[in-house]
Amino acid sequence: MRKYSRGAALGGLLLSTAVQAEVDLDSMSIEELAQIEVTSVSKRSEPLSNAPAAIYVITPDDIRRSGATTLPEMLRLAPNLHVAQINSNRYAISARGFNSSVADKLLVLVDGRSIYTPFSSTVNWDLQEVSPDDIERIEVVSGPGGTLWGANAVNGVINIITRKAGDTQGASIEAGGGNTEVRGRVRYGGQIGDALSYRAYVGGFKHGDKNRAGSGAQARDAWDKVQGGFRTDWEASENAITVQGDIYDGSEEQSGTVDQQIAGHNLLARWTAALSGSSNMQVQAYYDHLDFSVPGRFANRLDTYDIQAQHTFTLGTHDLVWGVGYRVMRDDFPTVLSATQAVQFVPQSRTLTLWNLFLQDSFPLTGKLKLTAGIKLEHEPYTGIELMPNLRLSWAIAENNLLWLAASRAVRVPSRLDRDVTQQVGGTLLITGGNMQPVKVTAYELGYRSQPSADLSFSVSAFYNVYADLRSAEPTNGAFPLRFGNGMEGETYGIEAWANYRVADWWRITAGANWLHKDLRFKPGNLGVGGLQIAGNDPKYQLSLRSAMNLGRGFSFDVNLRRVGSLPAPASPAYTGLGARIAWAASEKFEISLTGANLLHDYHVEFGTTANTLQIGPVGVEIRRSVLLATQWKF
């Protein structure tokens with residue numbers, strides 16, 4: 001059975017060095033799950049039931065029982081995200097709309113390390129690999145998080161939090177294979193003295209070319225990757241130090257060209273100290289390098305250096321958190337020009353710097369009313385100072401019943417793709433660098449979270465977002481070249497809801513639903529080049545239902561059902577997806593499982609098979625039904 005350590009390393013925020021009691025998630029009641037500590041809403045530890053935001057927590061037990069082996073597939077478990085598979089290594093993932101292969105309004109962190117890229121303000125999901133067995137939990141917040149997390153936390157924040165080395169002791173061997181992939185991983189954790197624990201791992205996988213293009217031909221999206229890494233945790237008295245890192249290398253097939261090579265490494269160090277009473281200080285620094293290239297065509301190399309510090313303390317009835325951060329990103333994008341077409345960045349290399357300062361205060365107005373107010377001042381590399389305020393009011397109507405409302409402002413800063421890209425076909429310059437300004441959102445939210453009984457909990461939230469300066473393609477004097485500007489505006493609104501119900505001690509059901517409406521338009525006088533579809537590709541609704549059963553004698557059976565509405569452009573029909581997993585835990589040391597995905601279709605499409613106007617990224621393919629037989633041994 002998987003163990004969960006409450007109050008451990010929370011999104012890179014180690015708030016206590018005390019030993020935490022482990023809890024068996026399979027035996028946790030709905031009430032206990034509601035008390036899981038989260039930090040993504042206020043950057044301090046608080047029970048999930050008290051967090052005034054639309055936050056969904058993916059637990060390690062959820063991940064294990066789903067059979068998911070990649071981060072995007074794990075994120076399908078969050079009902080407040082739209083996850084669409086484009087091909088075997090590319091995904092479109094977003095919250096509250098504007099999804100695409102380069103979705104740019106979602107901030108993603110792994111143990112406090114941002115995996116955003118200034119190339120397109122998005123996440124390269126193929127470069128991110130975190131073993132399911134090492135994950136403490138994933139906190140998914142839909143709605144702006146700019147006040148605490150900064151630019152690009154426009155429509156949501158995903159906070160991936162891994163387990164401390166002390167929670168992963170001993171040896172573990174994982175192996176699996178099926179009709180579309182083979183994978184394996186070895187991990188070992190140990191301890192030196194009473195204060196220092198460590199773990200190291202190495203693993204890899206290979207996905208075959210099993211999907212197909214819209215024409216029916218092979219999709220040429222096979223890929224493979226090898227990755228290794230380590231984590232050490234030192235805890236003594238009131239201090240804790242974590243050092244961790246990863247290194248990876250791989251290759252991805254490309255349609256119509258040679259394979260793309262991917263490589264990278266990262267290193268993170270974090271010091272946390274309990275100063276006095278409820279006062280805590282944390283300093284974190286990390287270095288991240290990525291390198292991907294298609295030989296003979298282009299390369300993209302990015303080095304990121306980041307340091308941040310934060311202080312949490314209590315002053316009377318006020319819970320305060322403040323912090324500072326500084327980041328340097330060095331980007332290089334060499335391009336091999338051809339006689340017929342050239343896409344390049346001018347200048348080829350840039351050094352981008354960003355610094356920020358934030359403050360947030362939470363304090364009670366009455367015995368049941370609590371106000372949270374905060375602001376972040378952030379200096380962006382292209383456009384200078386941006387302010388991101390946040391105001392949240394929560395009302396504890398009764399025990400286990402929370403009503404909350406919020407008003408926030410967040411920004412998505414211009415990327416190199418917005419400012420520096422040029423494209424020339426023959427003698428015609430089609431796209432040239434522009435002067436795009438930040439995309440801004442003013443968001444209003446209303447939510448209610450309740451636990452009416454020990455076996456039932458639910459959350460529902462509504463939102464209304466106003467976007468004043470969305471990205472658009474602007475002609476020069478009514479013709480080519482195009483420049484990226486801010487000629488689109490509009491509103492989005494919708495509802496998100498999910499519930500957990502424990503039918504019996506051995507059976508739990510989780511359901512989710514969301515509905516989204518977009519009212520976008522071009523500003524007066526804008527020619528509307530590319531149409532509104534360049535703002536993203538989103539379903540109007542999503543429905544999900546998960547069933548988790550413990551059948552006795554070590555057997556478990558899980559079913560995941562989802563219904564996703566149609567997508568306008570690239571066009572994709574509505575679909576129903578079914579996944580299932582059956583597992584047998586012969587003991588706490590050995591488990592064997594069989595997982596199936598896309599069980600209702602031989603092939604199906606999630607993000608179109610043709611290119612959209614001004615689309616960036618690969619064309620979608622038809623995803624094949626897959627099965628995976630996996631085993632895990634622990635020593």
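Tutor: Start with a definition. Two strands pair if DSSP finds at least two bridges between them. Keep in mind that this model is predicted.

Student: How many residues join S34 to S35 in their hairpin?

Tutor: Two residues make that link. The general idea first: strands of a sheet pair through backbone hydrogen bonds, either parallel or antiparallel. Here S34 (residues 479–504) and S35 (residues 507–522) are antiparallel, with 16 bridges.

Student: Which strand do the nine bridges join to S35?

Tutor: That is S36 (residues 541–552), and the two run antiparallel. Look for Arg508: Ala548 in S36 is its bridge partner.

Student: Now the other direction. How many bridges join S33 to S34?

Tutor: There are 18, and the pair is antiparallel. Pro475 sits opposite Leu482 of S34. S33 and S34 also form a hairpin, with two residues between them. Asn477 is in that turn and has a positive phi of about 55°.

Student: And what joins S32 to S33?

Tutor: A hairpin does, through two residues. S32 (residues 439–453) and S33 (residues 456–476) run antiparallel, with eleven bridges. Ala443 has Asn465 in S33 as its bridge partner.

Student: Which strands stand at the edges of the open sheet of five strands?

Tutor: Read the order first: S7-S14-S15-S10-S11, with mixed pairing. S7 (54–58) and S11 (113–114) are the edges. Each has a single partner strand, so one side of each is left without a neighbour in the sheet.

Student: Where can I see a parallel pair?

Tutor: Go to S10 (residues 106–110) and S15 (residues 156–162), which run parallel and are joined by five bridges. Leu109 stands opposite Asn159 in S15.

Student: On to the backbone. Which peptide bonds are cis?

Tutor: The general idea: most residues other than glycine have a negative phi, and most peptide bonds are trans. Pro481 is in S34. Another cis bond joins Ala569 and Pro570, with omega about 0°. Pro570 is in the loop between S37 (555–564) and S38 (575–587).

Student: What is the phi of Asn400?

Tutor: It is positive, about 65°, although Asn400 is not a glycine. Asn400 lies in the loop between S28 (384–398) and S29 (401–412). With a relative accessible area of 25%, Asn400 is partly exposed.

Student: And where does Arg553 lie?

Tutor: Arg553 is in the loop between S36 and S37. Its phi is near 55°, a positive value in a residue other than glycine.

Student: Why does Arg553 count as exposed?

Tutor: Exposed means over 50% relative accessible area. Arg553 is at 80%, so it counts as exposed.

Terms used. Residues numbered from 1 in each chain as written. Predicted model: local features only at pLDDT ≥ 70, side-chain atom pairs only at ≥ 80, totals over all residues. Heavy atoms only, no water. Helix = DSSP H or I, 4+ residues; strand = E, 2+ residues; numbered from the N terminus. Buried < 20%, exposed > 50% of the residue type's maximum accessible area, 1.4 Å probe, protein only.
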